[in-house]
Amino acid sequence: MRAEGKENKAVELEDVTIALGGRPILNRICLAIESGEFIGVLGPNGSGKTTLMRAILGLIAPSSGIIRVLGEPARRGNPAVGYMPQHRHTAGSLRLSGWDFVASAVNGHRWGLPGASAAERREIDGALDLVGAGALAKRPLMETSGGERQRLLLAQALLGRPRLLLLDEPLISLDPHHQRTVVGLVRELQKALGIAVLFSAHEINPLMEALDRVLYLGGGQAALGKVAEVITGPVLSRLYGSEIEVMRMGNRIFVMSGEHDLEKAEHRHDAHL
Amino acid sequence: MLTYDFMLNAFAASAIVAVVAGIVGYFLVLRGQTFAGHALSHVGFAGATGAVLLGIPAIWGLVGFTLIAGLGMGVLGERISGRDVAIGVVLSLSIGLGVLFLHFYTAYATQVTALLFGNVLGVNRQTLWTLLGLAIVSLAGLALIARPLLFASLQPELAEAKGVSLQLVSLLFLAIVALTVAECAQIVGVLLVFTLMVGPAAAAGRWTTHLGRGVALAAALALAEAWAGIALAYHTDWPTSFWITALSAGVYFASLVPLRKMRPA
């Protein structure tokens with residue numbers, strides 16, 4: 001129930017340019033994402049998917065242009081933005097429980113001793129229940145499977161009741177079955193909570209059922225729109241800067257460069273990381 | 001055995017140091033920075049020998065050098081974390097410098113052994129008070145940063161997005177580690193700091209999945225190993241440091257045995 005007559009956009013980029021180490025990643029991008037939209041963020045490695053998310057989080061300042069998040073300029077520590085970073089192998093060898101792992105994010109920026117108050121415990125349990133990870137959280141994090149781990153990370157991202165959720169490659173290293181489960185769960189939560197989601201992935205197909213629009217990045221450019229408008233030969237050829245063919249087989253889409261399935265190739269490459 | 005003053009001092013000193021080492025060590029293991037702790041202790045050797053050469057008590061040389069090195073690692077941050085080679089080179093250089101300082105200060109052989117391998121039975125009242133003061137500073141510092149430290153260790157990218165300064169937290173933590181290393185070196189020597197800082201914490205981390213219990217267990221294990229080590233040394237006349245390392249290794253390897261029948265803690 002918001003007082004303003006006009007609902008704020010979840011994310012607005014106005015003529016945004018971002019360069020990292022002198023290399024332009026995003027070049028004069030303008031786009032607007034509505035609140036309550038599920039956006040699939042796609043594009044080749046290095047096309048700026050993570051960079052865009054970090055800029056929305058206020059961790060990278062654009063060299064020009066304005067980024068607005070839920071009507072305000074992007075800033076670090078905005079509690080209305082939930083974030084699930086790309087999976088990495090956590091250092092250390094302690095068998096800390098999933099619950100403690102999730103709990104570390106509750107007011108984790110405040111100085112002092114760890115430990116959750118009764119209200120914070122309720123919030124953590126609530127977030128775990130939302131993703132169906134209540135029982136799972138009792139187990140050590142390092143002994144959970146990839147899919148289980150993603151549930152816990154999702155619960156952590158939901159702490160603080162964000163209105164915008166940034167999910168960076170949640171499908172990496174998951175098998176197709178778990179990919180479907182994670183996408184389905186995010187879609188369900190996104191609708192139930194009425195929040196906007198930016199979900200980056202290497203491949204469009206696992207997201208087809210869930211997404212409202214797709215944001216495709218490449219060559220410093222961005223294309224935002226319905227799948228049928230964006231995943232086309234001419235649009236992707238412009239983003240990749242080379243001849244791209246899009247093939248549809250049933251409800252699956254293949255992005256091909258010559259004989260080469262580009263999205264699959266990206267995925268395989270990443271599996272070795 | 002408790003009728004001797006030096007034994008009482010040894011038990012008191014090892015208690016202070018073991019509790020701090022267990023607690024700080026838990027976070028060190030959690031962050032996967034155990035090698036940094038090891039390196040800091042070696043830097044401390046150069047500091048201690050250098051201090052003696054200048055006529056300053058060895059412990060202040062230890063504290064000074066480990067602190068500077070800890071802060072240096074913190075400032076370099078990401079650029080050096082995981083750079084095992086860089087840390088290893090500095091580590092060897094420090095021992096080399098220590099050897100050079102010893103060369104200029106020849107009447108020093110027994111103190112070298114004490115520095116390298118510890119001399120808990122030689123702790124006097126004054127050192128005890130110094131250890132207590134350092135312990136209070138370390139634990140108070142840790143209490144101040146524990147919450148963002150935990151967040152930054154488990155989810156660095158998210159912590160950064162939520163406003164935690166990863167560099168500041170890392171810097172403060174390495175300063176605390178440096179103080180703890182300097183204290184530990186008084187009990188088990190610079191070469192064996194691992195035995196109190198890493199062994200008990202790693203074992204505790206395998207036996208419980210609960211953060212608070214893990215920290216408490218790490219401190220309790222470190223204390224038990226240190227006290228039992230001193231008692232065994234008293235009865236066998238073998239070196240204390242040997243017994244502490246043996247107990248630490250024994251407990252750690254015991255923790256690796258899977259306990260499938262045990263309920264998850």
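Predicted model: local features only at pLDDT ≥ 70, side-chain atom pairs only at ≥ 80, totals over all residues.
The contact is made by B:Gly22, B:Gly25, B:Tyr26, B:Leu28 and B:Val29 on the side of H1(B), and by B:Pro200, B:Ala201, B:Ala202, B:Ala204 and B:Gly205 on the side of H10(B), where two residues are in contact if their C-beta atoms, placed from the backbone, lie within 7 Å. By class, seven of these residues are nonpolar, three are polar and none is charged (Ala, Val, Leu, Ile, Met, Phe, Trp, Tyr, Cys and Pro count as nonpolar, Asp, Glu, Lys and Arg as charged, and the others, Gly among them, as polar).

Residues are numbered from 1 along each chain as its sequence is written, while chains are lettered from A and ligands numbered from 1 in the order in which they are written. Local features of the model need pLDDT of at least 70 and side-chain atom pairs count only at pLDDT 80 or more, whereas totals for chains, interfaces and linings use all residues.

Two packed helices are described by the angle between their axes and the distance between the axes. Helix H1 (residues 5-30) of chain B packs against H10(B) at an angle of about 65°, with the axes 8 Å apart; axes are lines fitted to C-alpha atoms, for helices over the stretch in contact, and angles run from 0 to 180 degrees between N-to-C directions. H1(B) is therefore roughly perpendicular to H10(B), since angles of 65 to 115 degrees are given that description, those under 35 count as roughly parallel, those over 145 as roughly antiparallel and the rest as oblique.

Helix H10 (residues 199-207) of chain B also packs against helix H11 (residues 211-236) of chain B, here at an angle of about 135° and with the axes 8 Å apart, so H10(B) and H11(B) are oblique to each other. The residues of this contact of H10(B) with H11(B) divide into nine nonpolar, two polar and one charged.

In chain A, the secondary structure comes to eight helices and 13 strands, helices (H or I, at least four residues) and strands (E, at least two) being DSSP runs numbered from the N terminus. The contact between the chains takes 28 residues from chain A and 30 residues from chain B, and the side of chain A that touches chain B has 13 nonpolar, nine polar and six charged residues.
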